[in-house]
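Please look over the sequence and the model below before reading on. The text then goes through salt bridges, helices and a loop in turn.

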Amino acid sequence: MKKSFSFIVKILFLSFLFFLLPEKNASAYMIKYKEDWYKLYHVHYQQYPDDCIENIYWLEKALQADFCNPLYARAKITNEKEWEKYRYIFQMHINLKLIEQHVRLGRTFDKKVAYFYDAPWKDEYLRNIEKCLSFYKAGLDYWREAQLWAEKANVKEFNFLFITELQNWEDERERIKSGELDWGKMLEREIKRVEGVKNDFLAMESKSY
C-alpha cells in the first residue's frame, strides 16, 4: 500500500511541476515523441515494483509515440536507410526493456516452491502466482514484438550498415539473430515452473501449522 502510494505521489509531483512551468517554457518541455518518453525510463540500483510500473508506463508511451525528426534522433542519421534501421532497432530495444521490467515485476510475486507449511496462506500465494504468470506472459508478447523488429533490422540490405552510436542496440539485434538472446525460451521455462507451483498449491489442503 505504501509503495503504491509513493508511485501516485511521483505522478502528482510531475504533474505539479508541469503546472508550474510558464506557458512559453512549457512547450519546450512537452513530452511528445518516442525519444522524449524513452528518456524518462531509468533503472534504479534498488528497483521496487512501483519503479517497474513507472518504467512500463514510460516505455508503453514511447512505443505508441511518433519518432522525432531524424535531426533529433538518439544517433546521427545521414540517410534514409540509416533512419529506417534506427526505427527498427529502437522499437526492438523498447520491447526488450519492457520484457525486463515485466520479469522484474513477475519475480516480486514469484513463489519458487510450495512448501507444506505455506498451506495457511494458500489463497494469497495463488493470487500472487496469477500476477506472476500475467507478467511473464506479457513478457512473451513483447518478445514476439522484439523478434519481429529485429527481423526487420536483420534483412540483407542492412548487413553492412551499423549505427555505431547505438552499439548496445546493435548487439541486442545480433544476439537475437544468433539465438544467444532468447527471452522466449527463458519465459516459457519460467511459466511452466510457476504453473507447476500453482498446481502444487491447488492440490494442497488448507491447514494451520
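**Salt bridges, helices and a loop**

Lysine 137 and glutamate 195 form a salt bridge, their closest N and O atoms being 3.8 Å apart; a salt bridge here is a side-chain nitrogen of Lys or Arg within 4 Å of a carboxyl oxygen of Asp or Glu. Lysine 137 belongs to helix α6 and glutamate 195 to helix α8 (residues 183–202), so the pair ties together parts that are 58 residues apart in sequence. Helices (H or I, at least four residues) are DSSP runs, numbered from the N terminus. Lysine 137 is partly exposed, at a relative accessible area of 40%, and glutamate 195 is partly exposed too, at 31%. Buried means under 20% relative accessible area, exposed over 50%, and partly exposed in between (1.4 Å probe, protein chains only).

The model is predicted: local features need pLDDT of at least 70 and side-chain atom pairs count only at pLDDT 80 or more, while totals for chains, interfaces and linings use all residues. Residues are numbered from 1 along each chain as its sequence is written, and side-chain values use heavy atoms, with hydrogens and water left out.

The structure holds 14 salt bridges. One of them joins the side chains of lysine 85 and glutamate 170 (3.1 Å, N to O). Lysine 85 lies in helix α5 and glutamate 170 in helix α7 (residues 167–178), so this pair ties together parts 85 residues apart in sequence. Both lysine 85 and glutamate 170 are buried.

What follows α5? Lysine 111 is in the loop between α5 (80–109) and α6 (122–153). Lysine 111 is buried, with a relative accessible area of 13%. Its side chain reaches the backbone oxygen of valine 113 at 2.6 Å. A polar contact of 2.9 Å joins the side chains of lysine 111 and aspartate 118; a polar contact is a pair of N or O atoms within 3.5 Å, where within protein one must be able to donate a hydrogen and the other to accept it, and residues adjacent in sequence count only if both atoms are side-chain atoms. The C-alpha atoms of lysine 111 and valine 194, 83 residues apart along the chain, are separated by 7.3 Å.

Terms used
Helices (H or I, at least four residues) and strands (E, at least two) are DSSP runs, numbered from the N terminus.
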